[in-house]
Amino acid sequence: MSAWMVIVAAGIASYLLRVSMISAPDQIRLPVRLEDSAGLVAHAAFAALVVTSLAGTVVGTTAVQATPSVVAVVVAVVAVSLTGRSYAAVLAGLPAFWVLTAITIH
Amino acid sequence: MGPWLVGTIPFGLVIGVSAAEANIPTFVGWLTGPLIYAGSAQVAAIGMLDGGAAPTAVILTATIINLRLVIYSAAIAPYWRGTPLWWRLIGGYLLVDPSFTVGVERYSRDSDRERGHAHYLGGALVLWSTWLLAIGVGAATGAALPDWLGLHLLVPLYLVGVIVPSLGQPGVRRAVATAAVVAAAGFSLPMHLGLAVAIAAGVGAALLPATSRPTASERSDR
């Protein structure tokens, strides 16, 4: 299956989820547990995406090659924790990556 | 909708850049915008396709991430009763976190449904067009930027910025910690299923303590 078809299939599935309850009979109600999970899915997905993105970058590389990416993410976590600002993650993380890459190359 | 747009534009740019960097046609990455139209699922789909994940794993993961849309759909459905089918199909297509929040907020404080519908549709269309434009700009510029910029880190860093401020909530903390650990442990799972398993484990871990909490009758026994 090509990337095109995968995106189209995922898009159709997403659309069906969107209109599922809009077009359902009024008496159909969602389980409470499912409603409780709504706010948690995005956070769990984001955490899993961070880890898999990072793992995809560093797995198969040497410790020296992996260090800039790993440290950049750690710096981002610390920066956001200290400032409470979401944008601090990119503003602190990317420069940390650039500096460490420059150091490890030389 | 204004504050939502401010947060949406950088995320759209990041997704566009990741689409340009990924090992798939850039236009296919951009297409996740109008077709999947939900940032986190788009990031997952692009990342997994880039990593060579099996098609079923990509579709499954995007669907799991977007399961929350069923809840949005159920919550907004009462306000759309009596509207024509075409309205519900178009309104449903535009249903995503910001449009849902802005729409329900307006419906709940304004009894004039027609004005509420106009507010929802107007805001949702502005969001949709801004989102697609932001992804397009990111995709167009991302491919031209040099490798040393480390743009492959843009998505994880952006997501760190979204996650960390929410860690004060115990449920979110459990979901994040569990999902991160399971994602690391399941990184080598076949078909890249680790992502879907990690999300399910994270949500499960966050909900689990609620079932072990003492019930009202148990508390009164003490």
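This is a short tour of a predicted model, stop by stop.

Before you click, residues count from 1 along each chain as its sequence is written, while chains are lettered from A and ligands numbered from 1 in the order written. Because this is a predicted model, local features need pLDDT of at least 70, side-chain atom pairs count only at pLDDT 80 or more, and totals for chains, interfaces and linings use all residues.

**Confidence.** Helix 2 (residues 26-35) of chain B scores highest, at 95, and helix 12 (residues 216-221) of chain B lowest, at a mean of 43. Helices here are DSSP runs (H or I, at least four residues), numbered from the N terminus. For the complex, the predictor gives an ipTM of 0.85 and a pTM of 0.74.

**Helix 4 of chain A.** Select residues 88-105 of chain A. What is buried here? A:Ala88, A:Ala89, A:Val90, A:Ala92, A:Gly93, A:Ala96 and A:Phe97 are; buried means 20 or more other C-beta atoms within 10 Å of a residue's own, with C-beta atoms placed from the backbone. They pack against helix 3 (63-83) of chain A and helix 9 (154-163) of chain B.

**The core.** Now find the largest nonpolar core, with 106 residues: a set of buried Ala, Val, Leu, Ile, Met, Phe, Trp, Tyr and Cys joined through C-beta atoms within 7 Å. Helix 2 (residues 32-58) of chain A gives it the most, 12 residues. Finish on A:Ala44, among the residues with the most contacts inside this core; contact means C-beta atoms, placed from the backbone, within 7 Å. A:Ala44 touches residues including B:Ala175, B:Ala179 and B:Ile199.

Terms used:
pLDDT is the predictor's confidence in each residue, from 0 to 100. Helices (H or I, at least four residues) and strands (E, at least two) are DSSP runs, numbered from the N terminus. The expected span of a helix is 1.5 Å times one less than its number of residues. A residue is buried if 20 or more other C-beta atoms lie within 10 Å of its own, exposed if 12 or fewer, and partly exposed in between; C-beta atoms are placed from the backbone. Two residues are in contact if their C-beta atoms, placed from the backbone, lie within 7 Å. Lists of a residue's contacts leave out its neighbours within four places in sequence.
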